[in-house]
Amino acid sequence: MAKYVLRRILQMIPVFLGVTLILFALRIPGLLPGDPVQLIVGERPLTPALRAEIEAKHHLNEPLHIQYGYYVSGILQGDLGSSLQKGRDVTDILLDKFPNTARLAIAAILVEIVVGLLAGIISAVKQYSFWDVLVTLSTSVLVAVPVFWLGMLLQMLFGIKMREWTGGAFSLPMSGMGDPPDLVHLILPAITLASVSTAYVARIMRSQMLEAMGQDYIRTAKAKGLSERVVIFKHALKNALIPVVTFIGIDLGMLMAGAILTETVFSWPGIGREIYLAVMTRDWPIVMGGVIVVVLIVMVVNLLVDISYAILDPRIRYGGKAE
Amino acid sequence: MSERFRKGLALMLALALAVSMLAVTGCGGTTDEEPGDEPAADEKAGGTFKFYISEPAFIDPINLQESEGTQVGQAVFDSLVAFDPITSEIMPAAAESWSANEDATVWTFKLVEGAKFHNGREVTAADFKYAWERICTPANLSEISYHLSAVVGYDEMQAEEATELEGVKVVDDYTLEVTLAYPFADFEYVVGHPALAPVPQEEVEADPAAFADKPIGNGPFMMAEPWAHDQYIKVTRFDDYYGDAPYIDGVDYVILADQDTAFLEFQAGNLDFVPIPTGQIQAAVEQYGESPDGYTVNPGQQVSLGGEQAIYYLLVNNEQEPLDDPLVRQAMSMAIDRQDICDKVFEGTREPATGIVPPGIVGHRPDAFPYAKFDVEAAKAKLAEAGYPDGEGFPKITIEFNSGSGHEDILLLVQENLKAIGIEGEMVGSEWAQYLDKLGAGDYSIGRLGWIADYPVMDNFLYPLFKTGSGDNYSFYANAEVDALMDEARGTADGDERVALFREAEEIIGEDSPVIPMFYYKHTRVASERVNDGIYSPNGLFTFESVWLSK
């Protein structure tokens, strides 16, 4: 097991270097059009002194391989450079944003687990019932609906219309995290962010449950006279859960890396919105730093998911000798 | 099965009812207004203004340039002079009076005595000198030092040969003397820019990063807490302010990523001033009422649609044949149906330009450029006069733009307009930085740019854009007579005479048509019902000094 983990970690190094190389290539003059220094100052006239200062600050006057050296050693020391437009360090900006993204991701995952699993189990156990039809239909709709549209719909419904209907008594916050951050502000963004994945979780859960319920050992369990509850939760669920856990694990990695659409619609100050705004203002260091952080998070979460496989399912052997 | 369905449905309805009842009772307190406010002596006093902005780049004066940061900076800092929010007339601020010598090269500013920074220390002339030198020091990476380029010693500081601005002299605590390298009578307007406000050296040097997030200024409002990036900036009234105290207790600048969200928050009653999304402007005017002068907002007159001090114009490469012929440029200018473009692309939120100097600028006059009007027949006649009847023999030109910012929609219509008089144009889009490179190198036929006033004077539109060899003169216009007139204007201390000289220059430029004015920008914002006497100035800044909130 330890050997397996070690090998997986070592495998991450070339992937990481590959990513930095691709990102760095974007800085090579001529690849992105235009003069990078002019990009920094925008429409303003540029004095030679200011140009020299900016070039020195961003090492733009060094040969490429030296620049790459600066770049990688910077990353390894946690230095992702500084924003072109804001005069702040990218590391600071992203560190500011990460807890917010994590907060939203965890809320969304909870929605996913509670609603998704329950819906999936119910619709499998009560196959072809009203609930089953409801779950199957609504999950189809949720998967098809664009996230930003759902977000705006919820804002309209719970932020504006609900306030009108109740004469101002009830509405949900539509943007930001609250000051100080509170749970009410999480409701709409978390539901929006969780929508598609919840639908998937419900569907996977349902099909896995149905498959498990049709197995011989379930019939045996039922024949033994075990109660329905024990059969479902102790025997079927445990075996049906593995693919669902995988899905949720990978999804957590994606969510931790920021949700561009949801965070933008709800003005949630997370990594996704930061990357979106940086792309819009062509603030490359933030985009590049953001991508590196995203890559790191996804790699780490994938590793954890793979390791948990090995723990959850003893049948799975990783790289051991063929038996 | 049908019974199962009924049971399920009933259960769901019951659940929904329970949830909504819970929600009504549980979350009833989301609005934070307390009805029991004690009535103040002055009913105008009090309240916090909720103002939408997007994340600023800087709020420290050292790099105050884009609209969002300037919005905050102007509340926290006072420069030497200020401008009337509607007429742009110059008014005293940190300086109570000022004067210039005969040829406008030496300026003396008398500061208000007893004015204080938010840390309690008195503001003196030395604080201006420090602030300006801070901006001019290249190592500080300020992108706005050009404001001070007229000051003696600026070039030396930029070349890193000097660490002081030689032309800025602290005569005594309340007297600042500024010597310019050349006559510049509009310099009094320049020093009104919010970036040129004084900063307290001890606070900056104690912790520059902290100062960037919580600048300490001399304005009517002080930072209540450090800038919460991407969330909010809060300022409260500064009680030791030397000028008239504002009515409101403070401003919460709410930072949102997206204008549509801001408008939703406005509709929900959580914001007091926001942009109106395109497509909803007419509806907003009907619902909230339009401000009579376009700038002042009051209950029932909440939509501000006044003109801004900014222009969108087409560049013409004056050095490229056959565009070097004024007749050709006049023809092109008359070929363009500006109103049609305003209607089709901007839903009426732009106004056809009739000159390069927008309304709201001291000295603006309507119809300043005689060829900035739509007249196809006259355009064809001009083109024939230039030797290209129906565009015969006219070479194909390029129409260049920076892609991704909606300019293509405008220029496609321009392309169509030009085609109507026989001029074929090819659309070429490039990235912003690359686009600027091309303009600078003269590698284009027709381009586009926007120009926003730094100061509300004609100089700001004419001198940089049309002076021979100026860095912003991308159309490469060169006219010795215009240069002489503008230089003379810069050396004319009397305001009216100066405007007269600039108008003379403007007339010649209009005749030569080196650029094609397209449209003036217009406000499209709406205030909430509780905003009284709010002014959204033509320069795009909201005035918090006079506004008061209904309770």
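These legends describe several close-up views of a predicted model.

Local features in this predicted model need pLDDT of at least 70 and side-chain atom pairs count only at pLDDT 80 or more, while totals for chains, interfaces and linings use all residues. Residues are numbered from 1 along each chain as its sequence is written, and chains are lettered from A and ligands numbered from 1 in the order in which they are written.

**View 1. Chain A and its helices.** The secondary structure of chain A consists of 13 helices and 0 strands. Helices are DSSP runs of H or I with at least four residues, strands are runs of E with at least two, and both are numbered from the N terminus. Chain A has 323 residues, of which 37% count as buried. A residue is buried if 20 or more other C-beta atoms lie within 10 Å of its own, exposed if 12 or fewer, and partly exposed in between, with C-beta atoms placed from the backbone. Among contacts in chain A with a separation of 6 or more, 70% come from residues 24 or more positions apart. Two residues are in contact if their C-beta atoms, placed from the backbone, lie within 7 Å.

**View 2. Helices α6 and α8 of chain A.** Helix α6 (residues 130-144) and helix α8 (residues 184-213) of chain A pack at an angle of about 140°, and their axes are 8 Å apart. Axes are lines fitted to C-alpha atoms, for helices over the stretch in contact, and angles run from 0 to 180 degrees between N-to-C directions. α6(A) and α8(A) are therefore oblique to each other. Angles under 35 degrees count as roughly parallel, over 145 as roughly antiparallel, 65 to 115 as roughly perpendicular and the rest as oblique. The crossing of α6(A) and α8(A) is left-handed; a crossing has this hand if the near helix is turned anticlockwise from the far one by less than a right angle, and is right-handed if clockwise. On the α6(A) side the contact is made by A:V135, A:T139, A:L142 and A:V143, and on the α8(A) side by A:S195, A:V196, A:A199, A:Y200, A:A202 and A:R203. By class, the residues of this contact of α6(A) with α8(A) are 7 nonpolar, 2 polar and 1 charged. Ala, Val, Leu, Ile, Met, Phe, Trp, Tyr, Cys and Pro count as nonpolar, Asp, Glu, Lys and Arg as charged, and the others, Gly among them, as polar.

**View 3. Helices α8 and α10 of chain A.** α8(A) also packs with helix α10 (residues 228-256) of chain A, at an angle of about 160° and with the axes 8 Å apart. α8(A) and α10(A) are therefore roughly antiparallel to each other, and their crossing is right-handed. Residues of α8(A) in this contact include A:L193, A:Y200, A:I204 and A:M213, and those of α10(A) include A:A236, A:P243, A:F247 and A:L255. The contact of α8(A) with α10(A) has 15 nonpolar, 3 polar and 1 charged residues.

**View 4. Helix α12 of chain A.** Helix α12 (residues 271-280) of chain A is mostly covered, with 8 of its 10 residues buried. Among the buried residues of α12(A) are A:R273, A:E274 and A:Y276. A:R282 follows α12(A) and has a positive phi, near 55°.

**View 5. The two domains of chain B.** Chain B is divided into domain 1 (53-244) and domain 2 (307-522), with bounds that come from an automatic or database domain assignment. The C-alpha centres of domain 1 and domain 2 of chain B lie 33 Å apart. Their contact takes 15 residues from domain 1 of chain B and 13 residues from domain 2 of chain B. The side of domain 1 of chain B that touches domain 2 of chain B has 8 nonpolar, 4 polar and 3 charged residues.

**View 6. Backbone features in loops of chain B.** Most residues other than glycine have a negative phi, and most peptide bonds are trans. B:S88, in the loop between β2 (81-83) and β3 (90-92) of chain B, has a positive phi near 65°. B:S88 is buried, with 22 other C-beta atoms within 10 Å. B:S513 lies in the loop between α17 (495-512) and β19 (515-522) of chain B, and its phi is positive, about 50°. B:S513 counts as buried, with 26 C-beta neighbours inside 10 Å. A cis peptide bond, with omega about -5°, joins B:E321 and B:P322.
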